[in-house]
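This briefing goes through selected side-chain contacts, salt bridges and surface charge in one model. Please read it with the sequence and coordinates open.

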Amino acid sequence: SSPTSMTFAIIPPTVTSTESKAVTLSNHLSADPENPTTIEFVTAPYTPVIGEVYGGGVVAYLETDGSGNTTGHGLIVSMADVSTGTAWGCQGDDISGAEATGIGTWDSSTGDYSGGGKQNTIDILADCTTSGIAAAVCDTSTVGGYSDWFLPSNDELATCHTNRTTIESVDDFTAFHGSVHYNTSTEVSTNPTVQVHAMSPTNGNQSLSLKNDLTRVRAMRAF
């Protein structure tokens, strides 16, 4: 988001202060109450760092612009698995649209996040009505006081491996479970009716998982 501009009108007190700081400040202010000095403060938006507890979880990724500067947007991973054994669901069905592998994008005007695992999750829930599937577990989760969690795409979950050491050093963060693979929301494009991409955030190894395999699930959300 853009910096916020705030204007304050400061009227000097009628009683003279003996504190040097106050006197020094008053030297730069108008002494006329009818025409007070105006000071403008510009506040920059707060951007957390990777590994910071923020937005219901821990920051796992920060978006950067073409110059390598952070944009104030990023991804948050839940503090713990939202399931220790849940199927992706709808084995035998090709879920239209659930093949996004990358990280989504943020609208420069509204800050809204689209694409990636968020869109995959929307597409999965639209076409797969099986209860308790991984996408539904994420979508209905309210961990950390937020309700906009989604099943991450392959590349979104990969950010947890890239920054795993920093993320797992956070107090109260439950480490990823050994070398176990977690399902992503990304179908395998060459075999979408049966397989999805899975990976281990611990060692970064990637694999293909059957849609009816019971795997651990870690939710993510965007800010």
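The side chains of N154 and Q206 are joined by a polar contact of 3.0 Å, where a polar contact is a pair of N or O atoms within 3.5 Å, of which, within protein, one must be able to donate a hydrogen and the other to accept it, and residues adjacent in sequence count only if both atoms are side-chain atoms. This is a predicted model, in which local features need pLDDT of at least 70 and side-chain atom pairs count only at pLDDT 80 or more, while totals for chains, interfaces and linings use all residues. Residues are numbered from 1 along each chain as its sequence is written, and side-chain values use heavy atoms, with hydrogens and water left out.

- N154 is found in helix α4, residues 154–162, with helices (H or I, at least four residues) and strands (E, at least two) taken as DSSP runs and numbered from the N terminus.
- N154 has a relative accessible area of 7% and is therefore buried, a class that means under 20% relative accessible area, with exposed meaning over 50% and partly exposed in between (1.4 Å probe, protein chains only).

**D81 and its partners**

- D81 lies in the loop between β5 (70–78) and β6, and because its relative accessibility is 19%, D81 counts as buried.
- The side chain of D81 has a polar contact of 3.0 Å with that of Y182, and another, of 2.8 Å, with the side chain of R216.
- D81 and R216 also meet in a salt bridge at 2.8 Å, N to O, the term being used for a side-chain nitrogen of Lys or Arg within 4 Å of a carboxyl oxygen of Asp or Glu.
- That pair links distant parts of the chain, since R216 is in strand β12 (residues 215–217) and D81 in the loop between β5 and β6, 135 residues apart; both D81 and R216 are buried.
- A further salt bridge joins the side chains of R218 and D81 at 2.7 Å, N to O.
- R218 lies in the loop between β12 and β13 (220–222) and D81 in the loop between β5 and β6, so this pair ties together parts that are 137 residues apart in sequence.
- R218 counts as buried because its relative accessibility is 1%.
- Taken together, D81, R216 and R218 are linked in a network of salt bridges.

**K211 and its surroundings**

- The side chains of E187 and K211 meet in a salt bridge of 2.6 Å, N to O.
- E187 lies in strand β9 (residues 182–187) and K211 in the loop between β11 (206–210) and β12, so the pair ties together parts that are 24 residues apart in sequence.
- E187 is buried, with a relative accessible area of 1%, and K211 counts as buried at 0% relative accessibility.
- A87, placed in the loop between β6 and β7, is 124 residues from K211 in sequence but 6.1 Å from K211 in space, C-alpha to C-alpha.
- With 19% relative accessibility, A87 counts as buried.

**Charge overall**

- The count of salt bridges comes to five.
- On the surface, D93, D94, E99 and D127 gather in a patch of negative charge, patches being made of residues with over 30% relative accessible area and no salt bridge, with like charges joined within 9 Å and nonpolar side chains (Val, Leu, Ile, Met, Phe, Trp, Tyr) within 5 Å.
- E99, one of these residues, sits in the loop between β6 (83–86) and β7 (105–106) and is partly exposed, with a relative accessible area of 34%.

Note on methods. Areas by Shrake-Rupley, 256 points an atom, 1.4 Å probe, with all protein chains shown as cover. Lys, Arg positive; Asp, Glu negative; His and termini not counted. Charge placed at Lys NZ, Arg CZ, Asp CG, Glu CD.
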